[in-house]
Amino acid sequence: MIPAAFDYKVAESAEHAVQLLTEYGDESKLLAGGHSLIPMMKFRLATPTVLIDVGRLSDMRYIRRDGGQISIGAMTRHEQLENSDVLAEACPLLKHVASLVGDPSVRHRGTLGGTMAHADAASDLPAAVLALGGTIVATGPNGTREIAASEFFSGYFESVLAPDEMITEIKVPADTGGWSYQKFNRRAQDWAIVGVAVADGGSGISLVNMGSTPLRASATESALRGGAAAVDAALMAAEGTSPPEDHNADAEYRTHLAQALTARALAEAGAS
Amino acid sequence: MKETSGGIGTAMLRKEDPKLLTGENKFVDDIHVNGELWMGMVRCTSAHAKIVSIDTSGAEAMPGVHSVYTGKQLADMELWAAPLPCAWPVTEDMLNPPHWPVAVDTARHVGEIVAVVLADSRYQAADAVEHVVVEYDYQKAVASIAAARDSDDKAHLELDTNKAFHWELIPDPDALAAAFENPAHHVIADFTQQRLIPAAMEPRGVLAVPSPMGGEITLYSATQVPHILKVMIAATTGLPEQKLRIIAPSVGGGFGAKLNVNPDEILAVTLANRLGRAVRWTETRTEAAGSTHQGRGQLQHIEIAADENGKIQGVRAHLDADMGAYMMLITPGVPLLGSFLYTGVYDVPAFGFSCDGYFTNLTPTDAYRGAGRPEASYAIERAIDILAGKVGIGPDEIRRRNYINGGELFEDHEAASTLIFDSGHYAPNLDKALEIAKYEELKAEQARRRESGAGKQLGIGMCTYVEICGLAPSRALGGLNYGAGGWEHATVRMLPTGKVEVVSGSTPHGQGHETAWSQIIATKMGVSSDDVTVLHSDTALSPLGLDTYGSRSLAVGGVAISMAAEKVIEKAKLIAAHQFEASPDDLEFVDGSFSVKGTPAKSVHIQELGFAAFTAHDLPDGMEPNLQEQVSFDPPNFAFPFGTHVAVVEIDEVTGGVELIDYIAVDDCGVQVNPMIVEGQLHGGIVQGAAQALWEIAIYDDDGNPTNPSFMDYLVPSAAEVPFMKTDYTVTPSTSNPLGVKGAGEAGTIGSAAAVMNAVVDALSPYGVEDMDMPATPRRVWKAMQGGAS
């Protein structure tokens, strides 16, 4: 619980953060809300020698609607998502999911950009962005690029983000159809044992903690597109997944939960 | 006449809280002295390994490192006179292999200390620990009670068995055998009490400060037991007892985990003494989870013999208890504390109990909230529900049919376990709980849901517990071979200005002694509770005491306070009589004032007599100056609080998720000094017991590695998981002490695990489920609903 020694730099802008990342390379890590990184450092599972604090970049905390699209600054805290009027109107799924992350202290520190970059398959918000078909905007030494959420997660706590890139913004479509988030856990503050996010009346379905990354329930999505009944399509939710085994669940139970929660989520989202 | 306020029975806010809530109070980790060195513990990463070699050179070269000591080096330095103490050798032939503060040749559980780093800062110590290279010769680990009992592997290679002791209590073997001869109903049940991690809010920590010229040591420790620690450190280290001072500053909870004599405490004292520098350590949460002692760890077998109406003829129980790798202070005694309660609140004509204690290569076990009694209560309260099912009557009815004295008021009842229950009045307590719970409505709702297939099954569980509190009579403890007495000491002094100073031998770690003791003084002496200050938890201020554990503070220590106050009043009365030129027999004492009977106009308040006693200008002939009295109180008997807890759970038939949706507790802890403190104790206790039922378990793999030693995987519930609890009370005064108090610290925990699990099993009964291991995880519940093994 005692982290190894590290140096600490405060980034003055996203460009400055990228500059520092380039300068310190692999040994450095961006620090946003810190509620994932700091515990990993305390367990010495992560031992960056330089922390680049981007959590103070308050001009990167915003939720804006531009026509059919919502743009969210990467340093926007979960608590801001949870209490956003813009999201209440245009993307209630994201608002609702944010309200279920961790506990109040986590939500007041954690950031959307931070949780996306952390790429934890068990986290709520990455799966929600995935179900919504969102886009991740990343800034690197060569400028800015956009990455579809479906292309973003590449493995266990891994994304396609380059070591010298920083997430600056997340975009999700506004005014999509029926939605639901079914999170099953044992304590309110915990990660989901399994979670299911449904966006746009069932056209986007994603699974939390059913593999090494947040996953789309592709078989269910295509069955629905093919006209299958929601209850039948839900039974395909775990197809193609490789559910992890831990103290809370084995693969059999996770598979059952994915199916059952998908059925509930589809019903709540109005898919029939 | 002065107004008295805040006396016994007042639900007043705690005096302690403003300082605690604003951070004014200091915990061990807040206290710093110049030149202090931090200890960093190198801990064994295997459950059982011989130590081949330890290379400390890399660590010694690290910045800020003062020195590194291996167990062998420390043994050669002869820093201690004896191994860590076990004060409760339950049998004469109990095996108790030496437990050194740092392993010398062999480490026997993950987390056992094999070397100690001393460095200028905590961070430097932690860095250096990573550079100590230990070569191990790995041995087969004994990783469960069943393995200890059934396999050929040995937790201690030099012993030819893992069984440390066999203890039994069978008062009348013939009667017991007769009871189990062809009973109409025979319940045979086995339960597992999983290991639990105590998880106090404040981790443990120590700071040992030597006097500059040497010879004297002050130890600050996050301990429940400064007085016991002082005796034990002297005995263990050979340091002169009168040179030791132990201070427990603000202590943030303990639940038993802070009543031990720990390796770190011995190391800090002896190294500080040797080096002439202050030595400190604060445990990390990982260390707390795997190295500080754990609770429970028992396999229980219980049988009930009953007649055709469900009237119990006999109860017999056997435990296989997990000692862990070593005997700590009261490790072997914990199951025995429960032995007397396997008959619960019932009139049981014949009783037998036996326990085998086994060594494993796991973290040592010891007292944890309730210590043996929640386990006992769980077994009998689960088993009696099973009996109800066999007889075909409700869980309330089976209890009524078996209550001691038919549920009516009794005093001084001798149980088949040979204990004398001080007082009880069980039926009205059950009635009240069922009324508050709206039991009939709940049953109707349950039936409705079962018929309609509503998707969420309702489960209703009850537990009618009795507890042994007020861990005292010294003779009774001696009879159990416990290594200390059970008395408690108190001093009450009236200061010259009329304020009252109380010195308490029992030592709070969150209970609210300062408030409760002030209330006792307010009622007894007729002063405002604001005029009372309580001194405690420093052996220099409070030299005599036996500390806080086993729900004993009020029933033993609080009574001692009350008795010392009475002695002060008696002396003050002589001074008042002297001033009135009257006979003391003609004086009466009302609301703090003395007056001659019949002439109340002329009176003197006890607070006005403090100055007279201080100046001593005009005291009765032969009277010593000052108003100060002390009492060591050793009660004649334990106290036996009881209560009825009702838990209501909802089980999601699809996910297996269990939600505790209502909780009703009607407790009887005798006379209440501060009902608000009682309620707080119950809330915390109930959640702690429910946590065993639904969330908490320390899990080890087959090699003895802890697999969930963090708060990410070891699930301590938060307020979000707990319903708004409905608490109420009956009051049946104890006959064991003049205040009529019984104790409430462990009651919640003792009642709640069984109530919650009875509710879970009740909810699952339509699925044919008759029992389930704790914790009732969603996966376990789901599998049970599928008809699979739990």
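This is a predicted model: local features need pLDDT of at least 70, side-chain atom pairs count only at pLDDT 80 or more; totals for chains, interfaces and linings use all residues.
Which residue of E23(B) does Phe589(B) stand opposite? The residue is Phe594(B).

## Chain A

Chain A contains twelve helices and 14 strands. Its radius of gyration is 18 Å, close to the 19 Å that the globule rule gives for 272 residues, so chain A is as compact as a globular protein of that length. The C-alpha trace of chain A spans about 55 × 45 × 30 Å along its principal axes.

Of the 272 residues in chain A, 55% are buried. When contacts in chain A between residues at least 6 apart in sequence are taken, 60% of them join residues at least 24 apart. The chain has an accessible surface of about 10,900 Å², and carbon and sulfur atoms contribute 49% of that surface.

## Chain B

Chain B has 21 helices and 28 strands. Its radius of gyration, 27 Å, is close to the 28 Å that the globule rule gives for 790 residues, so chain B too is as compact as a globular protein of its length. Along the principal axes, the C-alpha trace of chain B spans about 85 × 70 × 50 Å.

Buried residues account for 62% of the 790 residues in chain B. Among the contacts in chain B with a separation of 6 or more, 80% are between residues 24 or more positions apart. The accessible surface of chain B is about 27,800 Å², with 51% of it belonging to carbon and sulfur atoms. There are 56 positive and 102 negative charges in chain B, and their mean positions lie 2 Å apart.

Strand E22 (residues 587–590) of chain B runs antiparallel to strand E23 (residues 593–596) of chain B, and four bridges join them. The two strands form a hairpin with two residues between them. In that turn, Asp591(B) has a positive phi of about 50°.

E23(B) is also joined by four bridges to strand E24 (residues 599–605) of chain B, again in an antiparallel arrangement. E23(B) and E24(B) form a hairpin with two residues between them, and Gly598(B) in this turn has a positive phi of about 95°. Phe594(B) takes part in both pairings: it stands opposite Phe589(B) on one side and opposite Val604(B) in E24(B) on the other.

Leaving aside residues up to four places away in sequence, Ser542(B) touches His227(B), Val503(B), Ser504(B) and Gly505(B). Pro738(B) is 196 residues from Ser542(B) along the chain, and the C-alpha atoms of the two are separated by 24 Å.

Ser551(B) is found in the loop between E21 and H17 of chain B as well. Ser551(B) is not a glycine, although it has a positive phi of about 45°. With a relative accessibility of 12%, Ser551(B) counts as buried.

## Other backbone features of chain B

Is Glu78(B) buried or exposed? Glu78(B) is exposed, because its relative accessible area is 67% and the cut-off for exposed is over 50%. This residue is in the loop between helix H3 (71–77) and strand E4 (106–107) of chain B. Glu78(B) has a positive phi of about 55°, although it is not a glycine.

Met774(B) and Pro775(B) are joined by a cis peptide bond, with omega about -10°. Pro775(B) lies in the loop between helix H20 (747–764) and helix H21 (778–785) of chain B.

Notes
Residues are numbered from 1 along each chain as its sequence is written. Chains are lettered from A and ligands numbered from 1 in the order in which they are written. Side-chain values use heavy atoms; hydrogens and water are left out. The radius of gyration is taken over C-alpha atoms; the globule rule is 2.2 Å times the number of residues to the power 0.38. Buried means under 20% relative accessible area, exposed over 50%, partly exposed in between (1.4 Å probe, protein chains only). Contact means heavy atoms within 4.5 Å. Accessible areas come from the Shrake-Rupley method with a 1.4 Å probe; for residues, only the protein chains shown count as cover. Two strands pair if DSSP finds at least two bridges between them. Lys and Arg count as positive and Asp and Glu as negative; His and the chain ends are not counted. The place of a charge is taken as NZ of Lys, CZ of Arg, CG of Asp or CD of Glu.
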